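Here is a protein chain to look over.

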Amino acid sequence: MGSAGTEVRLQVGSCLRTLSSSRDSGEIVHALRTLTHYQEDGELTRPHYTHALQVLVSPQSSHWFNRSRDDEEIKKLWDEIFLRGPPEQTLLLLLDTISSIGESAGLERCVSILEKFLSAGRLQVLLWSRCEGGGSYSDTPQLRETIIGHLAALPSITSNHLHTNTPDAFLPQQYYPLLAASILDTLEKTCHALRAGRDCSLGFVAQVLGKVCIQGYSSQIFELLAPRLSSLTRVDPLWQRVTQKLLENVPERCTECVITGLIRCLSGATAASRLMGNLVVTNKKAQFVLTHKLILQQYQHPTRLLKSVLGYLALDSERRIMLKQVLRSVCQVWCNGSAVKHTSVEQQLYVSKALLLCVALLTDSEIQELRQEMLQCMLGGVQCRLDSNIVRIRRMGMVVGECLSYKLDTPGSQLKFQYEPDDEIRELKSLMESPSVEDEEDQPDTSSSLQPESKVQGSGGQSVTSEPGHGSDSELDSDDDLTPYDMSADQEKKKSAPPRYVRDCLEALMSSDDADRVELSLQVLDSLLRKNVKATQEVSVQFSKVLLHLEDRYNTPCFHTLRQNAMVALTVTDIKPVVDYWTTEFYSLNYSLRQRLDILEVLALSAQELSEPIRNKHAGAQPITAVTALEQCDDITHWRQIVEKRIQSKTRRISKGGTQPVKAVPNRYAPVAGFFFFPLLRNYDRPQVTFDLLGSDHLVLGRLLHTLGLLMHLAINAPVASQMGRALLDFVWTVRFHTDQMVRRGVMFAVCSVFLSMPGENLLTELGDDLMETRAWLADVAENDCDADCRSLAVQSLMLLDKNLKSQLQIPDMET
């Protein structure tokens, strides 16, 4: 044996010397044939094979390969040596060579043979060689890790060197599905080997899978692998065992990526149960991921993933214990007032979905066991959400509270709220319906199981719903043959004519019990107030008081819009007295939050109208184009859009060149801006009996900040703008760390308005020593605030501040 091995070594050495130095085609062909012969007989050992490959890809071999370009036999023999040897050595050598040599014919040959390597199924051979025989391979840990790294990162390794010349076969969208198919082929061979009584090891394949997933390509792998495994495990228990063993062998650091990618591509909880088994029970990292991280720490996943995870926990008695633990954890988070204030709306929605899904999966006995925790969750969570200024959060609390109350079956004390349903609410409610944990492809079509209401045909050919407990309408149908009287030309007769004088409208709103008269007065009030300026100014303050206290006693159509339009008309017609009344009453006692919000909305809309350019000196008050009722606009979007446009106009873009500053034009707001603005800052820190602006009434505080920001924005180029900006910065500085999202949005909106409207030189003077602290605070908000609007406004504020700094610190050119 020793002499035979020596002879092979000498022959291989001779062949390699020939390939390195010979220029004779016959000698080269003979050397290649000899190497191929030893390779087929298994006599070409791994060290010999590696040395042979190094010679074949070396620059010295280029002289005979290029000259013998038409010799098909040489090409065929060259390819066979690469494609019939140990695949891991071939892969490592080709990738290392591609990464190390420049553009040349040798690089082209390596790229070509690597493409053939992939298309010839050598990946399957490599993976299976590491599985069969129990995985008894004599590799060092370093070499094993190198092979796994090259397998997982082949697209990156090749594209980093080849750039735009990278073949399609090396791109992630083609390579990783090929690798997934190779893994699937290896698992199939493993099943056949196990049935034949042979040992196999899935450790290497599991490490490759984990490495690919942790590099961010789990979706490309599992889009092919997950559906196929789901189908195979449905009918074959051995496939279930093999797949579960594969997941058990995934390295701990890769567990999260593998599990998340797998569940995302599965069709339901039963598929997850078949593939993962009780992995959540035996693997602590998987348990943390499935019961905590995917539910409480991440919120970007679709609802389908939540259903799969929680349904998976509910499918086995051992795992149901963890389902109850998850419910307790979710309940603690959902009723935590601090979490409501410091987490984004999207994350709260995600946790709400998890809570409803958990409750829907519980049995009646489990609900009774967890009744106390659920009751505390319901009461605490609903209350802290109803206190929020964000409409979505309030509605979320209402819907979840109703669902929990219904599930707890508390007779006589079930929660019921009034809200407008939308897609989000309908989705939340649908989660409480009897959840199915079956795979989607296994679910029967249940559309025919819906029981439609029985209908009978009405006399006019219309379908009429028949309700149980009601008798037949046959006695009413006896008059069907009577000819109806034609009333199509009839018109409704008005009981009274609309008022023609301002004082008549005032009297109607103060004392009339006639609903029609009140409605007619409101409909004409806006135009009457604007046309009769002198008459309006005589009763403006009295009329403002009446409108502020006016209630919708008769359910008047468009009541809030008509009332608001009239209040704005009064304000712009007799500015100083009416504005003084609004700003004084804002901090007065015994007003509801609704009335205080009305005052702020009227001031904002009036200032917006007055800021329009004066086109005709003799024109009276002109109405604004559209007034949005406060009930129809819970957010401040219509004010924010104005400022957004101004920010865009102030932002310089290279493609557009420099932008022109906002041109100063005469308007009616600039002379009176101080009357609108400064009184609103008068008593904000003095809590009243019924009003605590810096305490519990943060809804009004948030709206006040938005209003002040808008008033500041509209005062651009006004003489009083610098004083307004200084006062507003002092105010927002005291509440910049408020816990409520709506207030922080208002703070950022106000800061943005100051940076837009205040002259740059005055802004830097006012900030002074606080400039660095202001920038640091804005940078912290832009990076860490849980609210997306706050982060966006902080970024815009930083941009505006930097623009002001650059413009003010520029050194002017010296005149000569």
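Q: How many nonpolar, polar and charged residues does the contact of α14 with α16 have?
A: Ala, Val, Leu, Ile, Met, Phe, Trp, Tyr, Cys and Pro count as nonpolar, Asp, Glu, Lys and Arg as charged, and the others, Gly among them, as polar. By these classes the contact of α14 with α16 has 3 nonpolar, 4 polar and 1 charged residues.

Q: Are α14 and α16 roughly parallel or roughly perpendicular to each other?
A: This is a predicted model, in which local features need pLDDT of at least 70 and side-chain atom pairs count only at pLDDT 80 or more, while totals for chains, interfaces and linings use all residues. Residues are numbered from 1 along each chain as its sequence is written, and side-chain values use heavy atoms, with hydrogens and water left out. Helix α14 (residues 237–248) and helix α16 (residues 269–276) pack at about 75°, with axes 6 Å apart; axes are lines fitted to C-alpha atoms, for helices over the stretch in contact, and angles run from 0 to 180 degrees between N-to-C directions. Angles under 35 degrees count as roughly parallel, over 145 as roughly antiparallel, 65 to 115 as roughly perpendicular and the rest as oblique, so α14 and α16 are roughly perpendicular.

Q: Which word describes how α6 lies to α8?
A: The axes of helix α6 (residues 87–100) and helix α8 (residues 122–129) come within 9 Å and cross at roughly 125°. That angle makes α6, relative to α8, oblique.

Q: How many charged residues does the contact of α6 with α8 have?
A: P87, E88 and L91 in α6 meet R122, V125 and L126 in α8. By class, this contact has 4 nonpolar residues, no polar ones, and charged residues numbering 2.

Q: Is S100 buried or exposed?
A: S100 has its place in helix α6, and its C-alpha is 8.5 Å from that of H161, 61 residues away in sequence. Buried means under 20% relative accessible area, exposed over 50%, partly exposed in between (1.4 Å probe, protein chains only). At 57% relative accessibility, S100 counts as exposed.

Q: Which residues is L355 in contact with, leaving aside its neighbours within four places in sequence?
A: L355 is among the residues with the most contacts inside the largest nonpolar core. With neighbours within four places left aside, its contacts are L327, V330, C331, W334, C377, V400 and L404.

Q: How many disulfides does a search of the whole structure find?
A: A disulfide is a pair of cysteine sulfur atoms within 2.5 Å. C403, at 9% relative accessibility, counts as buried, as does C505 at 0%. The number of disulfides found in the whole structure is 0.

Q: How far apart in space are C752 and L800, C-alpha to C-alpha?
A: C752 lies in helix α37 (residues 741–757) and is buried, with a relative accessible area of 0%. L800 is 48 residues from C752 in sequence, and their C-alpha separation is 7.7 Å.

Q: Which residues does H292 touch, not counting residues up to four places away in sequence?
A: H292 is in helix α18 (residues 284–297) and, at 26% relative accessibility, counts as partly exposed. Beyond four places in sequence, the residues touched by H292 are Q287 and Q297.

Q: What is the phi of N590?
A: N590 is found in the loop between α31 (575–586) and α32 (593–610), and at 64% relative accessibility it counts as exposed. Although N590 is not a glycine, its phi is positive, at about 60°.

Methods
Helices (H or I, at least four residues) and strands (E, at least two) are DSSP runs, numbered from the N terminus. A nonpolar core is a set of buried Ala, Val, Leu, Ile, Met, Phe, Trp, Tyr and Cys residues joined through side-chain atoms within 4.5 Å. Contact means heavy atoms within 4.5 Å.
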